[in-house]
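Q: I have this protein open and would like to go through it. Can you help me read it?

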Amino acid sequence: MEDKFKRIDLCVDMYGCPNRCRHCWVGHPQNGHMTVNDLTEIAAQFRPYAREFEVFDWYREPDFKDNYKELWELRKQLSDKITPHFELISVWRIVRDSEYVKWLVSLGLSKAQLTLFGGETTTDDYTGRKGAYREILQAIDILIENKIFPRIQVFVNKDNIGELPLVEKLILEEHLPERCAAFGGEFTCFVHQGSCDRENAKLYGVRVTQDDLQKIPPLLSDYTRKHFHAMNLNEVFGQTERELYQKLITDASTGSYVVDSPVLYVDHAYNVYPNISAPVPYWCLGNLKESSAEEILQNYLSGKSVAQTVRREIPLCEIVKQCGDPSSLRLFGEQDYIDYLVNKYCERKTSGVL
Ligand code: SF4
């Protein structure tokens, strides 16, 4: 390879996730059992091709495995410089491992995001794990006790948006704004429908429409607009599929997903994907057991995956025509809608329908 990439972020799904969320865009493959040596070897293969390189030991649940501290230190050795800990934590761990929150504090974490879907039964169901809701509540208390601000995100569809008053009730009854203010900060929260790929694409049938937005309580609406710096909820939830269909049905453009600072995902079976949409076979760039990192990066650069080929060769209007629904009132951000259509097109193509 002649030129190095400006930067590569390499995220390895070493251990998977304790949850099986119904909205999960990275999906539900079985949890892996990769070793420290595996991570070291994978990182070493990619490092020569980036002027700046960072490796992550997860792309599903961070800090899921007991050796999370060791992995953090290892990442420092394998990367040029590591990013401060994301505002994403392991709820599973924080309620089981009293050392974990102390470690997060020692890293300077000031805010952590937690995901609700409504009340207890619905949150457990959507998270795919009984007891998840109670653990999230416990996690909120632990975070506040340790002066880390919780940020609650709520993913909504038609079948759970009616439960938002329960989230509002929780915020008020638990005095979350006041408890955060007591140590000098601000409680934050937002409501969103998420993207529409992988598991979330199965929820297309219950995706929210314009009339659902009035079910968002004013308090949560205010938090949401503030979080997204939006004037109104439509800036957050996007346009109807019908509007997007009408706009894009005349768009003959094609596209490239290649950038100079790619984020790559490596799954537990050593398949490599660009972090654009779901890590599924039609996005796969190759398998490290069969191809070198250089070959995989060449596949990325030349857009060899099925999805990259589709986007590069098929005009967007044709993808919209084949896979869009001109009568649908479901709400999408424009890029999420294009990703949803490209994925749908690829699914049809790889299953022989197109
Ligand atoms: S959304 Fe996150 S927590 Fe839920 S299953 Fe996916 S990776 Fe795990």
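A: Start with the domains: the centres of domain 1 and domain 2, taken over C-alpha atoms, are 26 Å apart. The domain bounds come from an automatic or database domain assignment. This is a predicted model: local features need pLDDT of at least 70, side-chain atom pairs count only at pLDDT 80 or more, and totals for chains, interfaces and linings use all residues. Residues are numbered from 1 along each chain as its sequence is written.

Q: Which residues belong to domain 1 and domain 2?
A: Domain 1 covers 8-238 + 260-303, and domain 2 covers 239-254 + 314-354.

Q: How many residues of domain 1 are in contact with domain 2?
A: 14 residues of domain 1 are in contact with 14 residues of domain 2. Contact means that the C-beta atoms, placed from the backbone, lie within 7 Å.

Q: New topic: is strand β1 enclosed or open?
A: Five of the five residues of β1 (residues 8-12) are buried, so the strand is largely enclosed by the rest of the structure. Buried means that 20 or more other C-beta atoms, placed from the backbone, lie within 10 Å of the residue's own. Strands (E, at least two residues) and helices (H or I, at least four) are DSSP runs, numbered from the N terminus.

Q: Which residues are on each side of β1?
A: I8, L10 and V12 are on one side, with D9 and C11 on the other.

Q: Which strand does β1 run parallel to?
A: One of them is β2 (residues 53-56), joined to β1 by four bridges. Strands pair if DSSP finds at least two bridges between them. D9 has E54 as its bridge partner in β2.

Q: And what stands opposite V12 in β7?
A: That is V266. Strand β7 (residues 263-266) also runs parallel to β1, with four bridges.

Note on methods: Contact = placed C-beta atoms within 7 Å. Buried ≥ 20, exposed ≤ 12 C-beta atoms within 10 Å, placed from the backbone.
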